[in-house]
Every structure is written in structure tokens, then in C-alpha cells.
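Trainee: Could you walk me through reading a few features of a chain, from the overall fold down to single residues?
Mentor: Gladly; let us look at it together.

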Amino acid sequence: GGGHDAERRATMGWAKQAARQLARARIDYASRGAARALLEGAVRGPAGGKLTLSQAYAVQAETEAAVRRHNSDHVPRAGVKVANTNATSQGFLGIPHPFYSPILASRTWHVADGETASLPTHEFNLRLIETEIALRLGKDLRRPPGAPPLDREEVADAVTGVLGAIEVIHTSYRDWQRVGGPAIVADLAAHGAFVFGAEVPAAGGAAALEELASLECSLILNGVETSKGRGEKALGGPLRVLEWLANEISERSRGQDFLRAGDIIPTGVLVDPPYLYAREGDLVELRFAGDKLPGLGCRFE
């Protein structure tokens, strides 16, 4: 009735206000590299309470819309990232399962095999580097309300390509380690930028995609290997991450949102902590064992 409508309007008004804070911090930091643009503490829930996860996703959607408006970015999202896919991160952030965020098209770079993207150092406050395997969808993955969960075969059937990915983590918070998991979810799940390598066609269905769990990779800083990773580090493998996401995004949105044809899905970090923090002038490269996926890199200018 009217009471519920008024409550919903008040909640949406609060979410827009919280999103304005996050979007302004992102926009000001990107334009000036100014630490003073960052928020001192976590965005709060209605009436100043702690954010719930559902509230965090409401703020996330408004933050994405506000940043896209500012950038005159009329391109639909580039895809959906999955984060918090390992036990270390889940324990630290206090959320015992993954979470997700749309990827801004204006924050993605694509490079040919072995090539390097140039990234503006001053636009990212952390420059924490994550190495990932990403999946490209060739058709929608939609789960109507009340329908049984999409299974691994259905999900695999939608995948048309596989890509290596380097993620650059950025947050709107001055002290991101103290704000808690829901505040990170609200802040586009700490989405800074993605560099995607050349795409390899997916063939062989679920069985072939399951093999990505055993694919090994190396993270290289200025020519020196700093860590090794493996596909299974993220929730047991990329296909399992996609299965989780396809069902979670449909269920959480009651079928209003879903994974779409063309979406790129980065499936989570492949290396264990401690993570690499890049500095101006650094060259970061990602290489895969046996060249099963094309290598890629980025340099911070």
C-alpha cells in the first residue's frame, strides 16, 4: 500500500544520496588524483546505520548510473566482475561468499596478444593488481523468478570466448581496509579498471571450461615474476564462478537483471596474498602456462 511505497521512495532517496558521495569521490579523484576527494569512512545505511548487503547493491546501482552520467557514457556495461572468491578475502571483508559489480565500459582496455595498455597512474588510488580469467557470453543467461537454478551445462553453453585479464583495484575510501564488505560492494566492488587480453574462442563445452581450473599463470612486475596463480583459486574455477553469478544476479534482482550476450565476466583473483601494488612507471604483465591464453600487460604512466 501507500506506506510501503513511501518507505521504498525514502530508501531510494537515501541510496541516491549515498551514491552521490561515492560517485563524487571517484570523479574528483580521477580528474585530480586528489587524496582529499576520498571518503573518510564508509557510506552508511538509512538513518545512519550499517549497510546491509541488499542496501549496498542498491547504492552500487545508483553509483554506476551517476558515474556513467558524468562520463556521458551511454555504452551499456562492459560486463560484470565477481569479487571475494577466496577464503582470505571473505574472512577479511566479513562476507562469506562472492559479490559482484558491473564493469564500466569507460574503464576497460583491450590489447592484442602480448601487447601493453597505458593506464593513467593518478586515476587510481590503490593500484592493487589482480590477475584473472574472464569469460565472454554469446547469449543471455536469464533465470526467471521461481525457475530452478541454471546448471553448469546451461551456463557453459552461453560462453563463446575466454580472455586473460588484469584488474586494477580502486576505492573511494581513504582507508578501505576498515570500512567493511558492504561498503566495498556499494563502491562498485572496488572496480578501478580492467585490461583484457586477446580473446580465444571457447570450444568443448563444460568439460573444456572446467579445465581452466588447472590453468596456471604468472604475474610479472618490471620483468620479474612476483607470484604464480591457478584458475581454481577463484571459487574452484571460472565456470563455477559464472554458474554462481548467473543464478545470484537473477535471484537478487528477482529476474529484473541478468547476464547478457556480450558481457565479459572476470571471475576473480588467481594469486594468493600478499598482492602487488603498482607504482608510476611500473610494467605489469600476465602470462599463462603453455600460452593457453594470450599474454597481456599494462604500464602505469
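Mentor: Helices (H or I, at least four residues) and strands (E, at least two) are DSSP runs, numbered from the N terminus. The chain here has seven helices and 14 strands. Its radius of gyration, taken over C-alpha atoms, is 19 Å, close to the 19 Å from the globule rule (2.2 Å times the number of residues to the power 0.38) for 301 residues, so the chain is as compact as a globular protein of that length.

Trainee: What should I know about the model before going on?
Mentor: This is a predicted model, where local features need pLDDT of at least 70 and side-chain atom pairs count only at pLDDT 80 or more, while totals for chains, interfaces and linings use all residues. Residues are numbered from 1 along each chain as its sequence is written, and side-chain values use heavy atoms, with hydrogens and water left out.

Trainee: How much of the chain is buried?
Mentor: Buried means under 20% relative accessible area, exposed over 50%, and partly exposed in between (1.4 Å probe, protein chains only). Buried residues make up 54% of the 301 residues.

Trainee: Where is Arg143 found, and is Arg143 buried or exposed?
Mentor: Arg143 is in the loop between strand E5 (128-137) and helix H4 (152-157). With a relative accessible area of 15%, Arg143 is buried because that value is under 20%.

Trainee: Which side chain does Arg143 make a polar contact with?
Mentor: A polar contact is a pair of N or O atoms within 3.5 Å; within protein, one must be able to donate a hydrogen and the other to accept it, and residues adjacent in sequence count only if both atoms are side-chain atoms. The side chain of Arg143 has such a contact with the side chain of Glu251 (3.3 Å). Counting contact as heavy atoms within 4.5 Å, and leaving out residues up to four places away in sequence, Arg143 touches several residues, including Pro148, Asn247 and Gly255.

Trainee: What about backbone geometry?
Mentor: Most residues other than glycine have a negative phi, and most peptide bonds are trans. Leu188, not a glycine, has a positive phi of about 50°. Leu188 is in the loop between helix H5 (181-186) and strand E7 (191-196), and counts as buried at 0% relative accessibility. Leu235 also has a positive phi, of about 60°, but counts as partly exposed at 29%.

Trainee: Which peptide bond is cis?
Mentor: The bond from Pro273 to Pro274 is cis, with omega near 0°. Pro274 lies in the loop between strand E11 (264-266) and strand E12 (276-277).
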